[in-house]
Amino acid sequence: GAKRAPVSEGFLSNFRLRRAMESPDVESNEASTKNGRSCAHLVPDEPRFKPLWRRFLPAMVVYPLWFYVMLKQDVWMEAFGKFYLMSLTMIFGSLVAGSTPVGGGAVAFPVMVLFIKLSAEDGRDFSLMIQSVGMSSASFLILYAKRHLCHFWLILWMTISAVPGLILGLEVATSSRITALGFTTAVSCFAIAFFYHRECTRQAKGEESQASQALEAWDLQRLDLESSSARRIPLTNLPWLLTALACIFGMAGGFLTAKLGSGADMLAYIFGILWNSLVPKEAQMSENMLTASSVVIMAICSILGTCLRALTAGISREVMLCWAACVPVVVLGAPLGSMLLSPSSTKFLRRCFYLFVLLQFISMGVFQLKADLVAWTVVLVAVLITSLMSHLLMPRTGYLSSRDVERRHHSTT
């Protein structure tokens, strides 16, 4: 077939934006793709996007501004001559990041620090700036075409609580080594939780009734839950618990975002898994709703973080040039990702993400941790706790293993 156009960090969304724009039955569609059927039916005929150009509205705004600034500053050779490697990396990195609930910053940060040889602060600044473009583009398309998939209660509380976390993270000074160690630990722990959620479990279609629209925590008190078996916490206390947890996760996500350039999206996704383990099946968030909401949360946090850095400590010229070299790539990622990626390709890219995290973990051990027993202990304990919690939460989330799903399918056919 014809070669596909390279896509970008906004591809950060091909998992996220594509899932937000697909039908809820993506999982069953993946199975049909494996059997050789076409994936063309997966892309809906969204009325608001019938004129194809509407998908590219963010790019139509960004490109003239970018071209004008580049022309006035005359930094074409300085930006692309020095940072062309980062532009190419963002094409590949966006494909991998776009197939997971994390932004392109999760791929950009280690490349900036380990290969471009910039400081951890510069890597953080670049991640925030590049996600401010790519994830904002994806958020626009989600809010424009699939607003009902946004869990506004989750977005509100995670964003509000992320603000003090951002400020605290920018004020707390840490060494580049600690920052790199924290990044590797955070991404590794998220990859484990994501692997359990996406690869070790599958939603049993027809066995559960996840909410078709966003429910606030306080709506749980008004649900008729007589048929639900998930009531482990009194409903009078559950809204308060969920709100408190959302604030804690949001503040932690803001802190990680301020230090690493990403984190709010990862913790929003993990909070969604926890939400589904605590609430009745009638109120659980769908995969589409959770991923779409995490895009919007990370976009807002990236913009806030970029503004805070620009208005306080400032952003280095090196980061600005690197950002300029990548902007025309990332702004196209969201619309192209929604058009080009199939479920089979996103599954392959998810596995690339797992491999990327593993290689990053090994690189950190070889070049940073070495024989530091304290650092190794911290990392391994964090990984062990994440693995244990993911395993314990798995049976409670309303998901069945893929083997159980297949067994039930065969028993009904």
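I sorted the lining of the largest cavity by class and found seven nonpolar, two polar and no charged residues. Ala, Val, Leu, Ile, Met, Phe, Trp, Tyr, Cys and Pro count as nonpolar, Asp, Glu, Lys and Arg as charged, and the others, Gly among them, as polar. The model is a predicted one: local features need pLDDT of at least 70, side-chain atom pairs count only at pLDDT 80 or more, and totals for chains, interfaces and linings use all residues. Residues are numbered from 1 along each chain as its sequence is written, and side-chain values use heavy atoms, with hydrogens and water left out.

For a cavity I took a set of points on a 1 Å grid over the protein atoms alone where a 1.4 Å probe fits but cannot get out, with lining residues having an atom within 4 Å of a point. Volume is the space filled by probe spheres set on the points, which are joined across faces, edges and corners.

**Which helix lines it most?** I asked which helix gives the largest share of the lining. Helix 5 does, with four residues; helices here are DSSP runs (H or I, at least four residues), numbered from the N terminus. Among the lining residues I noted Phe109, Phe183 and Gln360. The volume is about 70 Å³.

**Core.** Next I looked at the largest nonpolar core, which has 56 residues. Such a core joins buried Ala, Val, Leu, Ile, Met, Phe, Trp, Tyr and Cys through side-chain atoms within 4.5 Å, buried being under 20% relative accessible area (1.4 Å probe, protein chains only). Trp153 and Trp275 are among the members touching the most others. Helix 10 gives the most, ten residues.

Notes:
Buried < 20%, exposed > 50% of the residue type's maximum accessible area, 1.4 Å probe, protein only. Helix = DSSP H or I, 4+ residues; strand = E, 2+ residues; numbered from the N terminus. 1 Å grid on protein atoms, 1.4 Å probe; cavity = no way out; pocket = protein on both sides within 12 Å on 5 of 7 lines; lining within 4 Å.
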